[in-house]
Amino acid sequence: MSRTESERTFAALPPARGRGFARTWWGQAWLKALEDTALDGEQLKRGRKQAREGAVGAVCVRPGRVTAVVRDRDRTPYRSDVLLREFTDAEWDRLLGVVADRSGHIAALLDRDMPPQLAEDAAAVGVELLPGIGDLEPECGCEAWDHCPHTAALCYQLARLLDEDPYVLLLMRGRGERELLDELQVRSAARAARHLPQPAEDAAPPAPPPAPEGVPAREAFAAPGPPPLPEPPPAVAAPGRPPALAGGTEPAEGLDVAALEFLAADAAVRAQRLLAEALAPGHAASPVPAALTVWEDTVRLTAAGPPAPIAARLAAGCGRDRADLARAVRAWEDGGAAALTVLEEEWTPDPDALARARAQLAAAWEGDEQAPRLRATANRWTVVGADLQVRYGHDGRWWPYRRERGRWWPAGPAGLDPAAALAMPGSDG
């Protein structure tokens, strides 16, 4: 991929046989805008097939436009463009204001994620971030007046790029990644400065605040309600660095200084993440996550990459063999506690869940694509004649697995499309 201030070019993607075009909710919203706009479903079907076969060349993304050369089955090339309206300066001002006011939105964008709440907050100030019906305007060298197979193929291919990087959509709306992040940094700094006390010129240092006075219990119980809560603390950009404990005095007998430093650093990372989650919109309505078991916390700590001696101690004390721990760590890296549950729990879906799973499997391979033969056992579907498997989670997502050394190993994160799960890089046959 090459990049300039207002243009990004992505190399042609490989064929997408056996996988969905969009796993993220925003990628699916992009395709819904295409499918709701196009008047001819047969043209979309042909475009989807061409995209799967790798007919779309390098994709150039600029404000208001995405361009690629798409080749027909006879190799005839057509320049194809899809246009999307750029935001006005006023719309960008409102959108950036919404993002800067929510530390959780900034953290998500830095992780190349776009939470649905961000789009909802943008819509609340009159900015429709995702395209809707009629917003994706086609232009093609084949001179079709509606979406043709070439512009449809380009849209399907772009959904794959959007999955990996939502900044592609923001660039089409008119602003590049670096420009956006610089502007958000300026706005966040200004917002923080507004909350700091401004001392007067030549003012003496402020006197210490007086000690708080108590309130008689009778008055406290007679009050109409509790006092207002204090303002939440500001977001923290990065976890703090714990002090080095190896120098100075001799450590107490039996104290593993390296392990203590590792745990302190881990606590700082967790604290920073918990604060970011607490400041995110809707946090008060979110369910309280279950406390981790000793085994789950052992897996979590091992996945954090401790020094070799500490990793060895964790492995020795967990009561499992090294292969079990390695599989559990791989699962944790793919999806935390939920992925670990899928690794270790085999369950039988109820009739409604089973019907939904079978419907997803039936819809996963479209058109003339050859669906693999699957053998079902409880919540696990295994590809007959291959070392591949997908597991159905309680939340309706599919988790890819691959047989290695006689055991089933996690092969990637979950998705809503079982065909995409089987096509994960770690699960290639």
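Modeller: Helix α13 (residues 322-344) lies across β8 (380-383), β9, β10 and β11 and runs at about 50 degrees to β11. Here helices (H or I, at least four residues) and strands (E, at least two) are DSSP runs, numbered from the N terminus; contact means heavy atoms within 4.5 Å. Axes are lines fitted to C-alpha atoms, for helices over the stretch in contact, and angles run from 0 to 180 degrees between N-to-C directions. The model is predicted: local features need pLDDT of at least 70, side-chain atom pairs count only at pLDDT 80 or more, and totals for chains, interfaces and linings use all residues. Residues are numbered from 1 along each chain as its sequence is written, and side-chain values use heavy atoms, with hydrogens and water left out.

A further helix, α14 (residues 351-364), lies across β7, β8, β9 and β10, at about 140 degrees to β9.

The strands belong to an open sheet of five, ordered β7-β8-β9-β10-β11 with antiparallel pairing; two strands pair if DSSP finds at least two bridges between them. Because β7 (374-377) and β11 (407-410) stand at the edges with a single partner strand each, one side of each is left without a neighbour in the sheet. From one strand to the next, the twist averages 30 degrees.

Within this sheet, β9 (residues 388-392) and β10 (residues 398-404) run antiparallel and are joined by five bridges. In this part of the sheet, Y392 stands opposite W398 in β10.
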